[in-house]
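Q: Could we go through this structure together, one part at a time?

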Amino acid sequence: MAEEKRMLFGPEGYPIPGMVISGKYPGKTLLVTAQIHSGEYPGTAALIRLGRQLDPMVMHGTVILLPCVNMSGFVQETDAYIPEDHGNLNRDYPGEGNGTTAAIARYFIEELFPKADFVLDLHSGGIPEALTPCMFVPYRMEEELMHILEVVDIPYAVRSYNEHGEAGYAANILGIPSLLLERGYGGLCEQDWINAYMQDVLAVMGALGIVDAPVRDVCTTAYFTKAWYPESEEEGLWYPCIRENTCVRKGDILGHTEDMEGNILHTYTAECDGIVLYYRTFLHVSKGTPLAAYACTS
Ligand SMILES: [Zn+2]
């Protein structure tokens with residue numbers, strides 16, 4: 001039966017607004033989430049707008065749209081983490097104990113993943129990051145996902161071994177095909193990124209047979225089986241000398257850290273030839289903070 005239902009998801013005490021759009025005809029169920037990391041906004045706006053546009057009368061199957069999973073982080077304007085316990089929904093699955101992050105992860109595992117034939121998780125570069133559009137492909141599902149990569153208008157795809165994030169757990173542990181997409185960055189919510197995300201979700205719905213596949217030109221996607229994620233080895237001031245979507249050669253300087261007097265602490269170099277997917281833009285950096293990500297071409 002064709003139906004649109006707005007409702008609250010989430011574990012007890014943590015309401016997550018969302019929408020279920022059930023098509024007139026039977027078909028697959030697609031779960032789409034955004035802002036599991038607070039401060040990553042384009043996916044949120046895209047899902048809110050898409051939810052108002054979709055017509056269940058022409059749909060084969062169901063979409064479940066959760067535009068903002070980390071609601072407390074969103075309204076408290078934190079960067080990425082669940083503020084109640086500083087949890088990370090892209091790192092802390094399946095969750096243990098009584099914390100909010102574990103409760104959300106368990107809710108997804110018990111209530112949402114069993115309904116889903118496919119999971120799409122929309123991210124962006126964080127507030128302190130600059131990023132070029134890219135996607136992360138759970139390694140256990142690569143073959144099943146290749147035809148989906150072809151319809152998404154994102155130029156770089158990287159194999160992901162993450163088994164402790166929403167998409168990574170769903171795919172690599174539970175065997176549900178899942179993709180993690182990244183568009184936009186820096187706490188911005190540009191209209192181009194919102195539109196592009198809406199088109200990406202529609203294209204995935206098309207590939208799953210939920211709607212007619214949209215006719216559009218998409219870029220070819222380069223697939224990388226390895227990426228590097230250098231982290232800061234000390235607290236300091238971070239001076240990157242790379243930009244997103246540029247090439248680096250093995251041995252090139254990615255950037256360096258200094259102390260407050262301007263003394264160089266550490267110089268970071270590329271471990272392989274690659275393409276810079278994102279890098280940290282904030283001047284201050286703590287020990288262990290990701291400085292950049294680059295996909296290896298050699
Ligand atoms: Zn994210």
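Q: How does the span of helix 6 agree with 1.5 Å a residue?
A: This is a predicted model. Helix 6, residues 191–207, has 17 residues and should span 24 Å at 1.5 Å a residue; its end C-alpha atoms are 24 Å apart, so the two agree.

Q: Which residues of helix 6 are buried?
A: They are W193, I194, A196, Y197, D200, V201, L202, A203, V204 and M205.

Q: Now the largest nonpolar core: which residues touch the most other members?
A: Of its 90 residues, L30, L120, V204 and L277 do. Helix 6 gives the largest share of this core, 9 residues. Domain 1 (3–223) and domain 2 (226–296) both contribute residues, so the core lies between them.

Q: What does L30 touch?
A: Leaving aside residues up to four places away in sequence, L30 touches V63, D117, F118, L120, V204, M205, L208 and I210.

Q: Back to the domains: how far apart are their C-alpha centres?
A: The C-alpha centres of domain 1 and domain 2 lie 28 Å apart.

Q: How many residues are in contact between domain 1 and domain 2?
A: 10 residues of domain 1 are in contact with 11 residues of domain 2. On the side of domain 1 that touches domain 2, strand 6 (129–131) and strand 8 (156–160) each supply at least two residues. The largest share of that side, 3 residues, comes from strand 6. By class, the side has 7 nonpolar, 2 polar and 1 charged residues.

Q: Changing topic, is helix 5 largely enclosed or exposed?
A: Helix 5 (residues 166–173) is largely enclosed by the rest of the structure, because 7 of its 8 residues are buried. The buried ones are E166, A167, G168, Y169, A170, A171 and N172.

Q: What covers them?
A: The cover of the buried residues of helix 5 includes helix 3 (100–112) as well as strand 3, strand 5, strand 7 (134–138), strand 8 and strand 9. Helix 5 is followed by G175, which has a positive phi near 80°.

Q: What is the strand order in the open sheet of 4 strands?
A: The order is 15-14-12-17, with antiparallel pairing. Strand 15 (264–269) and strand 17 (284–285) are the edge strands, each pairing on one side only.

Q: How many bridges are there between strand 12 and strand 14?
A: Strand 12 (residues 236–240) pairs with strand 14 (residues 253–258) over 4 bridges, in the antiparallel sense. Y239 stands opposite H256 of strand 14.

Q: And between strand 14 and strand 15?
A: These two run antiparallel and are joined by 5 bridges, with G255 opposite Y268 in strand 15. Their hairpin has 5 residues between the strands, and G262 there takes a positive phi near 90°.

Q: What about strand 1 and strand 2?
A: Strand 1 (residues 3–9) and strand 2 (residues 16–22) run antiparallel, joined by 7 bridges. L8 stands opposite P17 in strand 2. In this hairpin, with 6 residues between the strands, G10 takes a positive phi near 100°.

Q: How is strand 2 joined to strand 4?
A: By 4 bridges, and the two run antiparallel. I21 has V63 of strand 4 as its bridge partner.

Q: Lastly, backbone geometry: where is the cis peptide bond?
A: It joins Y93 and P94, with omega about 5°. P94 is in the loop between helix 2 (71–76) and helix 3.

Q: What is the phi of Q35?
A: Q35 is not a glycine, yet its phi is positive, near 55°. Q35 is in the loop between strand 3 and helix 1. With 28 C-beta neighbours inside 10 Å, Q35 counts as buried.

Q: And N245?
A: N245 has a positive phi of about 60°, although it is not a glycine. The loop between strand 12 and strand 13 (247–248) holds N245. N245 is partly exposed, because 15 other C-beta atoms lie within 10 Å.

Key: Residues are numbered from 1 along each chain as its sequence is written. This is a predicted model: local features need pLDDT of at least 70, side-chain atom pairs count only at pLDDT 80 or more; totals for chains, interfaces and linings use all residues. Domain bounds come from an automatic or database domain assignment. Two residues are in contact if their C-beta atoms, placed from the backbone, lie within 7 Å. Ala, Val, Leu, Ile, Met, Phe, Trp, Tyr, Cys and Pro count as nonpolar, Asp, Glu, Lys and Arg as charged, and the others, Gly among them, as polar. Two strands pair if DSSP finds at least two bridges between them. The expected span of a helix is 1.5 Å times one less than its number of residues. A residue is buried if 20 or more other C-beta atoms lie within 10 Å of its own, exposed if 12 or fewer, and partly exposed in between; C-beta atoms are placed from the backbone. A nonpolar core is a set of buried Ala, Val, Leu, Ile, Met, Phe, Trp, Tyr and Cys residues joined through C-beta atoms within 7 Å.
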